[in-house]
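User: I'm new to this structure and would like to learn how to read it. Could you take me through it feature by feature?

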Amino acid sequence: MAALEMTSPGLSSWRDQLPPLVNDQVTLRELQRSDVGRLYDMVRRPEVAHYTWPPPPTMDALEQFIEWTWSERANGKYVGFGIVPAHSTVAAGVFELRQLQPNFFRAELGFFIDPSLHGTGLFTSAASLLVGFARDVLGVHRIEARTSIDNVRGNAALRKLGARREGVLRAAFVREGRFVDQRLWAILTREFQDVPASRRMERATPIEGSR
């Protein structure tokens with residue numbers, strides 16, 4: 001597994017500020033106000049919006065959401081990383097982990113990523129960093145993800161990451177006023193191994209989270 005680059009004083013300091021997680025393709029780092037413009041445009045693209053819950057309606061609301069992620073992280077209930085490709089400084093997507101049980105024993109994964117990065121392998125490379133952080137720093141035992149049954153790329157990306165499909169959640173997502181079934185995926189972090197580079201050429205699409 002790619003090493004986690006920790007610049008904070010210690011592993012317990014993630015509640016004060018998220019450490020950057022770095023490999024040769026991507027950096028995961030705390031969301032910043034400077035990310036608002038690009039993220040606001042991105043979540044309104046049809047190929048992203050089709051698979052996500054409605055985003056904050058204004059740029060101010062999105063900035064407030066980012067500030068909310070900081071407070072929830074400080075409370076030990078939420079982690080939100082900006083996905084920053086190598087040679088860039090602005091987030092091209094978001095990973096989030098929501099605490100489902102105390103002390104992050106069980107967590108829910110959600111994400112979206114710039115469609116222009118589909119097929120580059122960046123999603124799986126970044127997700128491997130996130131799962132390693134969840135296991136080694138947060139102490140997460142089980143990560144769950146939900147994606148609509150017609151989200152072909154999202155389901156394939158989770159499978160390549162090593163997630164197992166555990167069932168179908170009936171009418172668990174709403175799209176354009178219609179109920180949509182979701183697949184439930186899970187990763188047991190003790191079983192997780194970094195995805196080899198040869199398997200990183202996936203075409204990822206957004207995962208619908210619990211929001």
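Analyst: Let's start with strands. Helices (H or I, at least four residues) and strands (E, at least two) are DSSP runs, numbered from the N terminus. Two strands pair if DSSP finds at least two bridges between them. Here 8 strands form an open sheet in the order β1-β2-β3-β4-β5-β6-β8-β7, with mixed pairing. Its edge strands, β1 (21–22) and β7 (164–175), each pair on one side only.

User: Before we go on, what kind of model is this?

Analyst: This is a predicted model: local features need pLDDT of at least 70, side-chain atom pairs count only at pLDDT 80 or more, and totals for chains, interfaces and linings use all residues. Residues are numbered from 1 along each chain as its sequence is written, and side-chain values use heavy atoms, with hydrogens and water left out.

User: What is the average pLDDT of the protein?

Analyst: pLDDT is the predictor's confidence in each residue, from 0 to 100. The protein averages 86, and 86% of the residues score at least 70. Residues 1–11 stay under 50, and the model has 31 contacts for them beyond four places in sequence. Over residues 196–206 the pLDDT is also below 50, and that stretch has 42 contacts beyond near neighbours in sequence. Contact means heavy atoms within 4.5 Å.

User: How do I get the overall layout?

Analyst: Read the elements in sequence order. The protein has 5 helices and 8 strands, and along the sequence they follow the pattern β-β-α-α-α-β-β-β-α-β-α-β-β.

User: How many bridges join β1 and β2, and how many join β2 to β3?

Analyst: β1 and β2 pair in the antiparallel sense over 2 bridges; for instance, Leu21 has Leu28 as its bridge partner in β2. Strand β2 (residues 26–30) is joined to β3 by 5 bridges, and these two run antiparallel. Thr27 has Val84 as its bridge partner in β3. On to the next pair: 5 bridges join β3 to strand β4 (residues 93–99), again antiparallel, and Phe81 has Phe95 as its partner in β4.

User: Is β3 buried or exposed?

Analyst: Buried means under 20% relative accessible area, exposed over 50%, and partly exposed in between (1.4 Å probe, protein chains only). In strand β3 (residues 78–85), 8 of the 8 residues are buried, so the strand is largely enclosed by the rest of the structure. In a regular strand the side chains alternate between the two faces of the sheet. Both faces of β3 are covered here: Tyr78, Gly80, Gly82 and Val84 are buried on one side, and Val79, Phe81, Ile83 and Pro85 on the other. For the protein as a whole, buried residues make up 52% of the 211 residues.

User: Which strands does helix α3 touch?

Analyst: For angles, axes are lines fitted to C-alpha atoms, for helices over the stretch in contact, and angles run from 0 to 180 degrees between N-to-C directions. Helix α3 (residues 59–74) packs on the sheet, touching β2, β3 and β4, and its direction makes about 125° with that of β3. Helix α5 (residues 152–161) packs on the sheet too, touching β5 (106–113), β6 (142–148) and β8 (178–188); its direction makes about 10° with that of β8.

User: How do I tell the sides of a helix apart?

Analyst: An α-helix has 3.6 residues a turn, so residues three or four places apart point the same way. The buried residues of α3 are Ala61, Leu62, Phe65, Ile66, Thr69, Glu72 and Arg73. They cover an arc of only 150° around the axis (the arc is that of the directions from the helix axis to the C-beta atoms), which puts them on the same side of α3. Asp60 and Gln64, on the other side of α3, are exposed. The buried residues pack against β2, α1, β3 and β4.

User: Which residues does Thr69 contact?

Analyst: Thr69 lies in helix α3 and is buried, with a relative accessible area of 1%. Leaving aside neighbours within four places in sequence, Thr69 is in contact with Leu31 and Tyr78.

User: And where is Val36 found?

Analyst: Val36 is found in helix α1 (residues 36–42). Val36 is buried, with a relative accessible area of 4%, and, neighbours within four places aside, is in contact with Met59, Leu62, Glu63 and Ile66.
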